[in-house]
Amino acid sequence: MTQATLVMFGVFVGIALVITYWAAGRSTSSRGFYAAHREISGAQNGWAIAGDYMSGASFLGVAGLVAFYGFDGFLYAAGWLVAYVVVLLLLAEPLRNAGRYTVADVIAFRLGGSAVRAVAALTTLSVTLFYMVAQVVGAGSIVNMLVQRLDEPVAIAIAGFLMIIYVLFGGMLATTWVQIIKGILLIGATMLLTVLVLLHFGFSLPAMVTAVNAQQLLQPGHYFGGPQGPLDTLSLALALVIGTAGLPHILMRFFTVPSARAARLSVGWAMGIIGIFYLLTTVVGFGAATIVGKEHIGKHVTDTQAIRYIAHADPQQRPQLNADLLRDGYIVPREDSNLAAPVLAHALGGPLMAAFIAAVAFSTILAVVVGLTIAASGAFAHDIWYVLVRRRQGSDHEQMLVARTTALLVGFISIILGIKLRGVNVAFLVGLAFAVAASANVPALLLSLTWKRFTRFAAIASMLTGLIVSLGLIAVSPEVLHEHAIFPLQNPGVVSIPLSFAVAVIATFLRRDKESEANFGQLQVRANTGLGAEL
Amino acid sequence: MQHRHVTAREWDELAADPEFTALLRARRRFVIPATCIFLLVFLGLPAGLIAQPSLMSSTLPGGLTVAYAYGLSLFVVAWLLLALYLRAAKSFDDRAAAFVERAHAELSK
C-alpha cells in the first residue's frame with residue numbers, strides 16, 4: 001500500500017485522538033468517566049450503542065464469514081440484530097433505573113454482599129477481555145495488511161498500544177462521541193462498498209443471487225458442517241441471542257441516559273442502525289466472495305517481499321505461487337477471512353478505497369476497545385477496589401487512578417492473547433465471548449431483577465457455573481484442541497446457558513435468603529418506575 | 001425537592017400499591033408473551049436446520065434458500081416487535097410518571 005494510505009490512516013486516528021483530548025478535560029470524576037454524567041440523549045446513545053456493537057469484529061468478521069461460508073456467516077448477523085429484542089423487552093429500562101456505573105451494581109442492588117459483587121466483577125472482566133482480544137486480532141490484521149514489512153505480532157502490538165492511549169485519556173464521554181462519529185463513518189463506508197458491489201452486478205439483485213448461488217453460498221452448513229453441524233448452529237444461535245443481554249460494555253450504555261424512555265429509544269435507534277448495517281455487510285461479504293474470490297482474500301504480498309516468500313516456500317507450492325504473482329502482481333500466502341471487506345474495497349475502488357475502509361475499520365476497533373476497557377476498568381476500580389477493598393472510603397481521584405491502571409493492564413493482556421490468536425476469524429471469537437456473557441451474566445442479572453425469591457447464593461453459583469463451564473468447554477473444543485477435542489461443538493452455548501439457568505433456579509430453592517427478599521420491593525419499584533433512581 | 005431516606009417498609013408499601021401492581025401486570029402482559037414468541041420464532045431457524053435440513057436448504061423461486069429467507073424474515077420480526085413495544089410503552093411511561101409524582105407527594109408528607 002502507498003503513502004496516501006498511511007496518511008489517510010493517520011488522519012483518522014488523529015481525529016479520534018483530538019476528540020479524546022477534548023473529552024479528557026470533561027471526564028475527571030468517576031461519574032463522568034463511567035456514565036458521562038447521565039446526560040446522553042436517546043438518539044445519541046442509540047448511535048453509540050450501534051457504534052459499540054458494530055465492532056471491527058462485526059464488520060470484518062461477518063463480511064469474512066459471509067464471503068467464506070455464506071449462510072452460516074449471515075446467521076451471525078441475524079443473531080446479533082435480533083438479540084436486541086431481548087435487551088429491549090427485558091433489560092434496557094430496568095437497568096437504566098436500577099443501575100449506577102457497572103453491571104455488578106445492578107446484580108448487587110438487592111442481593112448485597114461482597115461476594116456477589118466480586119463474582120460479578122470477575123465475569124465482567126472475563127467477558128470483556130474475551131471480546132477485546134477479538135478486536136485486537138482484527139486490528140492486527142488491518143495494520144498488517146497496510147504495512148507490508150511488518151510482522152503480524154508487531155502489527156498487533158502497535159494496534160494495541162494505540163488503543164491503550166485512547167482509554168487512558170478518554171473516558172465515557174470521549175467514547176460516546178468517538179462511537180457516534182465512527183458509527184456514522186462505518187455505515188457510510190459500508191453503504192459505499194455496497195453500492196459498488198451492486199454497481200458491479202448492474203444493480204440487479206437477481207444477478208447477484210445467481211452469482212452467489214454458483215458457489216452454493218446460500219446453503220447452510222459450510223461453516224458448521226458435519227453431523228453435529230446443525231447442533232453447532234443451535235449453540236451459536238442461543239449464545240448470540242442471549243449474549244447481548246450480558247455484554248457489560250453494552251449494558252453500561254444504559255447508565256448514561258437521563259430516563260427509562262431515553263434508554264428504550266436508544267435501543268430503537270440502535271436496532272434500526274444495526275439491522276441496516278448487517279444487511280449491508282452481508283452484501284459486502286457476498287461481493288467479496290463473487291467479485292474477488294476467497295483464494296484472494298488475505299494479505300497481498302508484492303514485489304521483492306513476494307519473491308523472497310516464494311524462495312522460502314515449500315517447493316511443491318512454488319510453481320503455483322509464481323503463476324499467481326505473474327498473473328495478479330501479488331500473492332496471498334495465507335487466507336485471512338478478516339480481510340474480506342478491505343480486499344474487496346481494493347478490487348472495486350483501488351488502493352485509496354481500500355485504505356479508507358481499512359482506516360474506518362481500524363477506528364471502529366479503537367472505539368470499541370475503549371468502551372470495553374471502560375467496562376473492564378469499571379468492574380475492577382469501582383466494584384473490586386472502591387467498594388470491596390476500600391469499603392467506599394477511597395477518594396475519587398484514587399479510583400480514577402486504579403481505573404486507568406486497570407485499563408493499561410487489560411490492554412497488555414489482550415495484546416498478548418491477540419498475538420497468540422492471530423488469523424482466527426474475529427466474528428468467531430466474538431461469538432465465544434457472547435457465549436460466556438450469556439452463561440455467566442444473563443441468568444443472574446435477569447433473575448435478580450424479576451424473581452423475588454432469588455438469592456445471593458444462587459446468583460454466585462449461577463455466575464461461577466456459567467463462567468467456568470463456558471470457558472472450560474471452549475478450552476476443550478475443536479478450535480483449541482483440533483482433532484483431540486473432548487467437546488464436539490465450537491460454541492459452548494447450548495450446554496452452558498441452560499445449565500447456568502438451571503443452577504440459578506435449583507440453588508434458589510435450596511436455601512431461603514430473607515435479606516435479599518426484603519430488598520426486592522425497593523428494586524421492583526425503582527426498576528419499573530424510576531422512583532429513587534436519582535436519589 | 002429535598003430527598004430523604006426512604007425506609008424498607010415504605011418501599012414495600014409502594015411495591016404493594018394497587019396502581020403500581022397494575023402497571024407491573026400491564027407491562028408483563030406485553031413483555032412475557034412478546035419475549036416467548038420472539039424466542040420461538042428465532043430458535044425455529046436452528047431447530048429447522050436440525051429437523052428438516054433438506055427443506056431448509058431447498059431453493060425458493062428467486063434463488064434464496066428457505067433458511068436464508070427465514071433469516072431475513074427475522075430482521076422484519078425484530079423491527080416489528082420494536083415498533084409494537086415502543087407504542088405500548090408510551091402508556092407505561094405515563095402511568096409510571098403519575099405513580100412517581102403521587103409517591104413523591106406522599107413521601108414528603
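Just after helix 6 of chain A, A:Gly112 takes a positive phi of about 55°. Helices here are DSSP runs of H or I with at least four residues, strands are E runs of at least two, and both are numbered from the N terminus. This is a predicted model, in which local features need pLDDT of at least 70, side-chain atom pairs count only at pLDDT 80 or more, and totals for chains, interfaces and linings use all residues. Residues are numbered from 1 along each chain as its sequence is written, while chains are lettered from A and ligands numbered from 1 in the order in which they are written.

Helix 6 covers residues 103-111 of chain A. Nine of its nine residues are buried, so the helix is largely enclosed by the rest of the structure. A residue is buried if 20 or more other C-beta atoms lie within 10 Å of its own, exposed if 12 or fewer, and partly exposed in between, with C-beta atoms placed from the backbone. The buried residues of helix 6 of chain A include A:Asp105, A:Phe109 and A:Arg110.

## Helix 7 against helix 16

Helix 7 (residues 114-146) of chain A packs with helix 16 (residues 340-389) of chain A at an angle of about 160°, and their axes are 8 Å apart. Axes are lines fitted to C-alpha atoms, for helices over the stretch in contact, and angles run from 0 to 180 degrees between N-to-C directions. That angle makes helix 7 of chain A roughly antiparallel to helix 16 of chain A. Angles over 145 degrees count as roughly antiparallel, under 35 as roughly parallel, 65 to 115 as roughly perpendicular and the rest as oblique.

By class, the contact of helix 7 of chain A with helix 16 of chain A has 26 nonpolar, five polar and two charged residues. Ala, Val, Leu, Ile, Met, Phe, Trp, Tyr, Cys and Pro count as nonpolar, Asp, Glu, Lys and Arg as charged, and the others, Gly among them, as polar.

## Two residues of chain A

A:Met132 is found in helix 7 of chain A. A:Met132 counts as buried because it has 31 C-beta neighbours inside 10 Å. Leaving aside neighbours within four places in sequence, A:Met132 is in contact with A:Val369, A:Leu372, A:Val410 and A:Ser414. Two residues are in contact if their C-beta atoms, placed from the backbone, lie within 7 Å. A:Leu429 is 297 residues from A:Met132 along the chain, yet their C-alpha atoms are separated by 9.5 Å.

A:Ser41 sits in the loop between helix 2 (30-35) and helix 3 (42-53) of chain A. With 16 C-beta neighbours inside 10 Å, A:Ser41 counts as partly exposed. A:Ala67 is 26 residues from A:Ser41 along the chain, and their C-alpha atoms are separated by 37 Å.

## Where chain A meets chain B

In this interface, 42 residues of chain A are in contact with 44 residues of chain B. Helix 5 (71-98), helix 10 (205-214), helix 11 (229-243), helix 13 (260-292) and helix 24 (520-529) of chain A each supply at least two residues of the side that touches chain B. Helix 5 of chain A gives the largest share of that side, twelve residues. By class, the side of chain A that touches chain B has 27 nonpolar, 13 polar and two charged residues.

## Chain B

Chain B has four helices and zero strands. Buried residues make up 21% of its 109 residues. Along its principal axes, the C-alpha trace of chain B spans about 70 × 25 × 20 Å.
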